[in-house]
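Here are my notes for your first look at this one. Have the model open while you go through the points.

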Amino acid sequence: MAKSFYTLIVVPHASPRLRKLKLPARVLHVLAGVGVLCFFVAVALGFSYIKMAFKAADYDKLQAENTDLKVQKRILEVATVKLGEKISNIENLFQQIQTLVEGDSQKRAKVNVRAVGGSKIDYPTAELLGSANLKDGIDLLRDRTAEMENQLMLFQEVAEKKATIRRSTPTIWPVKGSLTSQYGNRADPFNGEGEIHLGVDIGALFGTQVRAPADGKIIYAQRKAAYGNLIIVDHGNGFTTRLGHLSQFAVKAGQRVRKNDVIGYVGTSGRSTAPHLHYEVRINDRPVNPRNYLPRG
Ligand SMILES: [Zn+2]
């Protein structure tokens with residue numbers, strides 16, 4: 001088979017001679033193939049470059065974000081340490097408040113036991129300062145604040161209980177006056193025989209206001225034999241008080257009263273020689289010496 005050729009004719013403008021270039025067809029086909037290949041390689045390289053350029057832009061952005069995050073982490077670490085120190089200070093205050101809230105050591109022990117609940121862990125500040133892991137530090141602070149929350153709720157419970165007990169414990173003089181007869185053994189004022197006086201007598205002018213010695217409920221307000229006109233107040237927690245020989249009632253049975261409310265007036269009703277208030281304090285209905293509940297004066 002005869003070889004096919006292509007002849008390229010070059011016509012220079014400056015000279016009348018033509019230049020002829022005779023090339024075998026196979027060489028031209030190879031050159032065309034190489035040209036097409038080069039085109040595709042160039043296109044592929046172009047895409048690859050564009051892709052890399054985008055990646056580089058992403059990398060710069062990520063690096064900037066990384067730097068920013070590192071700064072944020074450092075700020076958080078410092079804040080965590082400072083918070084840890086703050087919590088340590090609050091814990092110290094807790095201890096002081098606990099001593100104030102809890103008068104006696106028995107109750108303090110009780111609160112401690114309940115607050116601990118078998119889970120209390122001591123986290124010294126130094127431990128927090130040395131904590132390399134931010135998450136650990138935050139976990140420690142979360143545990144400590146949760147413990148403080150529990151303890152505060154116990155304080156609240158104790159404080160509320162104390163406030164209730166304080167309000168319902170007879171701590172004031174029901175009338176202003178002087179003690180004319182003490183609690184306990186005495187000579188009967190009528191016949192001189194020995195008797196046990198279940199309360200104290202407070203001398204006061206006829207009609208003087210008689211006040212509730214504590215918060216409570218009037219459970220009795222009527223005449224009763226030797227007591228004369230008698231009021232019995234139930235203060236809760238086992239406490240009752242009896243106020244006798246009244247001239248008048250200012251309350252009715254079933255009524256709730258607050259400490260210092262006027263509940264009646266001094267008289268001499270019942271077995272009495274002169275106007276005075278017979279005052280009894282009972283715990284679980286057993287008379288105790290009212291002197292123990294009367295402030296000095
Ligand atoms: Zn009496």
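1. A225 is exposed, with 9 other C-beta atoms within 10 Å (exposed means 12 or fewer such atoms, buried 20 or more, partly exposed in between, with C-beta atoms placed from the backbone). You'll find A225 in the loop between β8 (216-224) and β9 (228-236). Its phi is near 40°, positive in a residue that isn't glycine.

2. N284 also has a positive phi, about 50°, and is not a glycine. Look for N284 in the loop between β13 (276-283) and β14 (286-288). N284 counts as exposed, with 9 C-beta neighbours inside 10 Å.

3. A word on the source: this is a predicted model, where local features need pLDDT of at least 70, side-chain atom pairs count only at pLDDT 80 or more, and totals for chains, interfaces and linings use all residues. Residues are numbered from 1 along each chain as its sequence is written.

4. How far can you trust it? Mean pLDDT (the predictor's confidence in each residue, from 0 to 100) is 87 for the chain, and 89% of residues reach 70 or more. Over residues 105-119, though, pLDDT stays under 50.

5. Now the helices. α1 (residues 25-101) and α4 pack at about 25°, with axes 10 Å apart (axes are lines fitted to C-alpha atoms over the stretch in contact, and angles run from 0 to 180 degrees between N-to-C directions). The two are therefore roughly parallel, the term for angles under 35 degrees.

6. In α4, the buried residues include G137, R144, E147 and Q151.

Methods:
Helix = DSSP H or I, 4+ residues; strand = E, 2+ residues; numbered from the N terminus. Contact = placed C-beta atoms within 7 Å. Parallel < 35°, antiparallel > 145°, perpendicular 65-115°, else oblique.
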